[in-house]
Amino acid sequence: MGSFWILCICFALFFSRAESCQNPGDLIKASSPGDIIIGGLFSIHTNVKYSHLPRRPEALVCEGFNTVGLIRMISMIHAIEEINNSTLLNGIKLGYDIYDTCSDVTNAVQATMEFISNSSQSCVEPHCKNTDFVPKVKAVVGCEYSEISIAVARVLNIQLIPQISYASSAEMLSDKRRFPAFLRSIPSDKHQTKAMVKLVDMSGWNWIGTIATDDIYGRSAIESFISQATPIGICVDFKEFIPLVISDTIIHNIIELIRKEERVKVIVAFASPSFMKKLFQAFEGEILDKIWIASDSWSTSSEVSALPNLNNIGKVIGFTSQSENPTSFYEYLKNVKINIEAVKNNIFLKEYRARVSGCSQHTGDFDSCVSNYTLDLCSLVEKKQETQDTKEEFLLRNIRPYPGIVSNTQLAVQAIAQGIHDLCKDGTCHNPKIISPWELLDAVKKVAFTYEGKEVCFDPNGDPNVGYSIVMWKTDNGTTEVQNVVAQYDIDEAPLKPGTRFLLWNGRTGRISRIQFHCTKGQFRKTAGGQHTCCFECVNCTGNHYSDPRDMYQCLPCDHHTEWSLPGGAECSKKELEYFMLSDVFAIALLIAAATGVALVCVIVVIFIRHRKTPVVKASGGAICYVILLCLFCNFVCSVFFVGQPRNMICQVRQVLYGLSFACCVSCILVKSFKILLAFNFNADVQAVLRKLYRPVAIIIGSTGIQVLICTLWLILNGPHEERVPYERTILLQCNEGSYVVFGVMLGYIALLAAVCFVCAFKVRKLPENYNEAKFITFGMLVYFISWVIFVPIYVTSTGKYVQAIELVVILISSYGILICQFFPKCYVILFKKEHNTKDAFLKNVYEYATKTANNIALPNGLPPASKSTAKEEDSAFCKTNPGFLADETSQVRRNDIQHESFQRILDNTFSRKRVASV
């Protein structure tokens, strides 16, 4: 309500003073009195003449006479007269006030202000209660252009005066929240563009250009057309918007664009007749051979069709609202003289008569020329007797009353009259002059009447249920005329119904504006750039992308987890699973090596069991050697889990089995190293410490238990699991070790045990040559260290299915290293050197080692060492008095229990000399 009062105050200030109020006589109009006045807004002239920028309010001068506007005006007068002569309104007489908008918004708004003023006042005054205000007119017919209708509608919204347009088709006018009082007698552009798309698609054209005026009508129409055309494969090569002020430069640029895009043979134009006239004139003498699809704004324009040689620019197919036979209007034109009283105040018809009779607007005596002519149109015929035209031929040829132009205007008048009839049919309109516009608006929205044999009504948006007629221009002997309707489009039934004439023409034309090449499967359309959406090149899809249907605008991605495709692929292929398979040659070789290791372990176990009472087997550690063999057996068996398709359980078992078995194996070897060190270390202090530390069962269980704890935490926190790694064409199945930190701790712990073994074995490496187990332990640990040192950088930097094969190779090398170094020498002695596998042979080796050691040691007092014969006799006596020496390696070397003085002295002198040397 606040906005209303502000607007009313503005109107009051604008019209409050007599000297500032625009006199109604200043506006050119045609009028006729009546009980109910209907306003009319027509573009009798095409534009307003601006000789200079105005400095003060002054009357506008119009120029460019518009015959179509005159036709619409006459058709409105004819419709009102027919209604007044009928019994529809029961004696209520309709009058009219018709103004010329000059195709200008300002002029149209100024005329609208006259409509909303009170019939007894010349200016608008604010009113306390807006619903009680009765304006001069009860309804308005107009306007032609959507931009002007929008401005007029906003003013008429103040009093909710019903406005019915005969030509404004912009889609936004259907919004009743912004334009509650607006209706129209032609369909919305939404339906027109839909019909155009169907025509283009039915004709097989998919490459077109568009031209439109740069206003609400043109932009909304083009956007609506493109939004419906693009999904069905119709490409818009260019869309050009024309400014309202047309210059030669603009015309030149559009001409150059049309010439450049010579492959575009179909152009859709939502433009004004004046622009199309200038455009076609610029192509004069040039053969374009285009198909122009004309919107209803210029499809029946006599201004354009009057141009000579239009056949050079091509064929024009136009859309206009459906209309019936305008026979009654033709009769009205033939009898204008009879109705001379009704048009005596029609300055526009007077101007037209003067123009036809030779008065020029550019001459100074135009006004006097017009005033000197009477309204007897038959006199015009008499002045044209030399043309031998009849009165009817003369008028029809010069006014060109096209059916769509006539019926749209008359339909608007008929709807208003029907609304008045429905409002007053119960005898409630005792004084028609006090009918409120908003009451009439409500009645008009609900009307349903028959017009020219067709049921007409308005939908909730104020749009009628009429469709479109498609007309085709025909040029013959340099003269162009609009042919009869060649197709129909009904907005209710939707399909386009072409006539026989159109089908014959379209069949001859063929697909003249169509892209003649396609992008094949495996390619996509890449737009060349700019505003051209149809200029494209075919580009192969990149790898792992595909296009199955042809002419796709983008390639579809394959599922990179499970699928792949080559560049330019038309489909995706399933990725093959890749893993270290049993059929792989390398896998077969490794499994043979593992099986050989298992067989060797079994053979060694059999050999040791059969010769368990021999000195070699007894000296090998007894039950510990069988534990080592069992661990090696597990190492070789776990190799099987490194080959084949990974599973979560397999990934966990293989690492845990290897970690525990190898840790237990190295723990047993550590016990043996301790035992050898204890047996052959002659330092009494070290001997005491080693005796305290030497607990075989505790060492093995404790060392293995730590590894059990590490593996348990590994499995709980983040253990090994199956992993699928997608590559370009394959999916790698492998075991992810989970927490690589714990994995490293597990391997590092085994390396720590191996390092302790190596140190202990290295200290006593100089044992009797026929039975030097410490040396073989040293070699076995060296093989382990070398293999794992090589493994770590290779494992970290490698990828693919052979990564786990690398670990398997290292496991086999480590296992074979221990197996060979620990058991092959013993088996060799057992099988091939049986003479060394006796008690005497062992005594002899120990004696020789002791003698050799004693001979190399000088006594502390400078005395020479005992003679060999003496030492030999002493050692022999010692061995005879200690029969349990061979049963256990520890008992063999308990030098502190030896009572033989000579052997003890040798050992003491040995370490005394070592200490002296070390100092």
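1. Buried here means under 20% relative accessible area. Phe743 has 4% relative accessibility, so this residue counts as buried. The model is a predicted one, and every value below is computed from it.

2. Trp714 is buried too, with a relative accessible area of 0%. The rings of Trp714 and Phe743 make a pair, with centres 5.6 Å apart. Their planes meet at 35 degrees, so the pair is tilted. Stacked would need planes under 30 degrees apart, and edge-to-face over 60.

3. Where do the two partners, Trp714 and Phe743, lie in the chain? Trp714 belongs to helix 23 (residues 696-718), and Phe743 to helix 24 (residues 740-763). They are 29 residues apart, and their pair links distant parts of the chain.

4. Tyr784 and Phe785 also form an aromatic pair, and this one is edge-to-face. The distance is 5.6 Å centre to centre, with 65 degrees between the planes. Tyr784 has 3% relative accessibility, so Tyr784 counts as buried. Phe785 is at 24%, so Phe785 counts as partly exposed.

5. Both pairs belong in a wider picture. Trp714, Phe743, Tyr784 and Phe785 are among the members of one aromatic cluster. Tyr658, Phe662, Phe758, Trp788, Phe791 and Tyr795 are also in the cluster. Across the whole structure, the search finds 23 aromatic pairs.

6. What sits over the ring of Phe241? The charged end of Arg219 does, 3.9 Å from the ring centre.

Key. Residues numbered from 1 in each chain as written. Predicted model: local features only at pLDDT ≥ 70, side-chain atom pairs only at ≥ 80, totals over all residues. Heavy atoms only, no water. Phe/Tyr/Trp six-rings, centres within 6.5 Å; stacked < 30°, edge-to-face > 60°. Helix = DSSP H or I, 4+ residues; strand = E, 2+ residues; numbered from the N terminus. Buried < 20%, exposed > 50% of the residue type's maximum accessible area, 1.4 Å probe, protein only. Lys NZ or Arg CZ within 6 Å of the ring centre and 35° of its normal.
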